[in-house]
Amino acid sequence: MAPISLWHHKQKALSSYEGEENIAGLPVPLWTNAFLKIWCLNFFICIWYFIINAVFPFYIKQLGGSELLVGITAGGYALTAILVRPLAGWFLDHRSRSSILKYGIIGLTIISVLLLLSPILGLAVALRLLSGLVYSSASTASNTNVCDIIPQSRFGEGMGFLGLGNTLATALGPLLGLTIMALYGFKITFAVSGLLVFLAMLVTRGLPYRTIQRRYYLPNRYRLKISEFFNASALPASLVMLFAGAPFGGISVFIALYGEFSGLGNGGLFFVLVALGTGSTRLFSGRLADKKGEQPLIVMGNSSFLLALLLLLWESSANYYVSGLFFGFGFGLSAPAMQTMAIRIVPMNKRGSASSTFLCANDIGSGLGGLAAGGLVTLFGYRPMFAVMCIFTVSSLLIYGLWAAKTPSAFKVYQKNKGLY
């Protein structure tokens, strides 16, 4: 297939310093041209995700759907993402670091256009499920390529700054989406989302990619194995992430509906506060993960999640907004630490499968959270749903303390095995 004209240029390989340690002992740069490009690309597709995530429950309701259908759609979205991430990770490790990213961004643009033109409930739900396939492929590729670019000694710091872009998207996406929806309707909202991923497409021009060894292109010399779709070294951090992400998966789907219909607050402002909480911790959490490991960050992060959920049990506008800050603190503290742990002992040529394993766990958690929240809200209401979400958060802490902290990918075990602890 001939390359699309927008990317019709010679593909660059990663330079000798990007993603590698400097053997001369000189400072290793983080903010290279490649890192800046991948940061901007990730920022644009994240804004797309958060716009659609915030607006879609209202879109389903307007088209005649129920809260249960909102939850089912969230669970189905996560399921489609889970199905494709392992395939995307395998392809990134054994075929190409660039193709999935490029065509994934094109797919997001097309989905935005189709949403704009399809005010039919069944078709809208189908497109939402399809977006799970496309977005998860593009985001897996984005995460894998940024892992190639960031120097290992500054990995936590680099992922922290990447997460800061996600934080800005967390604030701007829902606020932008809900504001445009309220002022101009859904069509303009979907048009803006399409424009954002088109900007991501432009940013990819000139982005360098790690070259895959030629032997991986020869089908007779490589047999496809199920074990290649998942990375065992990333499982401890991934399982911790699965249970930590479930509550926010449910909250992110329903918090705007909850704020509007209960009269407690504005969903857009809630996500701005989430972003402020996340951003205030991203500035130091990555470096702390590099120096002290993931343990203090995971403990503090999950504790923040738990406090946020407990605040939502008591209905008041103040609690509604303050809980957004604590949700932000939780993600800002724990997410970079868990992702650093997932990649810590993984060889360079296996980072695609490690990234997909970690992100699959996040998808599973979000899907379980959204599906459980939809059923609980329909049957019992919002407060019982918030109470049940606390169980996921406590489970995440127990899994880390009782098992994940003792595995080779844990910071203290890794340091001990290298003779540094």
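Guide: Leu-239 is partly exposed, since its relative accessible area is 32%; the class lies between buried (under 20% relative accessible area) and exposed (over 50%), with a 1.4 Å probe and protein chains only. This is a predicted model, in which local features need pLDDT of at least 70 and side-chain atom pairs count only at pLDDT 80 or more, while totals for chains, interfaces and linings use all residues. Residues are numbered from 1 along each chain as its sequence is written, and side-chain values use heavy atoms, with hydrogens and water left out.

Leu-239 lies in helix H7; helices (H or I, at least four residues) and strands (E, at least two) are DSSP runs, numbered from the N terminus. Together with Leu-235, Val-394, Leu-398, Leu-402 and Trp-403, Leu-239 forms a nonpolar patch on the surface, with about 550 Å² of accessible area in total. Two elements give two or more residues to this patch: helix H7 (235-262) and helix H12 (382-402). H12 supplies the largest share, three residues. Patches are made of residues with over 30% relative accessible area and no salt bridge; like charges are joined within 9 Å, and nonpolar side chains (Val, Leu, Ile, Met, Phe, Trp, Tyr) within 5 Å. A salt bridge is a side-chain nitrogen of Lys or Arg within 4 Å of a carboxyl oxygen of Asp or Glu. Areas come from the Shrake-Rupley method with a 1.4 Å probe, and for residues only the protein chains shown count as cover.

Thr-393 also belongs to helix H12, but is buried, at a relative accessible area of 1%. Residues up to four places away in sequence aside, Thr-393 touches Phe-243, Pro-247, Asn-302, Phe-305, Leu-306 and Leu-309, where contact means heavy atoms within 4.5 Å.

Rings of Phe, Tyr and Trp (its six-membered ring) pair if their centres lie within 6.5 Å; planes under 30 degrees apart count as stacked, over 60 as edge-to-face and the rest as tilted. The count by this rule is 25 aromatic pairs. Phe-56 and Tyr-59 are edge-to-face, because their ring centres are 5.7 Å apart and their planes stand at 65°. Both lie in helix H1 (residues 33-62), three residues apart, about one turn of the helix. Phe-270 and Phe-271 have ring centres 5.6 Å apart and planes at 85°, so this pair is edge-to-face. Phe-270 is buried at 0% relative accessible area, and Phe-271 is buried at 2%.

Elsewhere, Cys-147 sits in helix H4 (residues 121-149) and is buried, with a relative accessible area of 0%. Apart from neighbours within four places in sequence, Cys-147 contacts Phe-155, Ile-343, Arg-351 and Ser-355. The C-alpha atoms of Cys-147 and Arg-351 are 7.4 Å apart, although 204 residues separate them along the chain. Cys-40, at 25% relative accessibility, is partly exposed. The whole structure holds zero disulfides, a disulfide being a pair of cysteine sulfur atoms within 2.5 Å.

As for the whole chain, it has 13 helices and zero strands. Of its 421 residues, 58% are buried. Among contacts with a separation of 6 or more, 86% join residues 24 or more positions apart.
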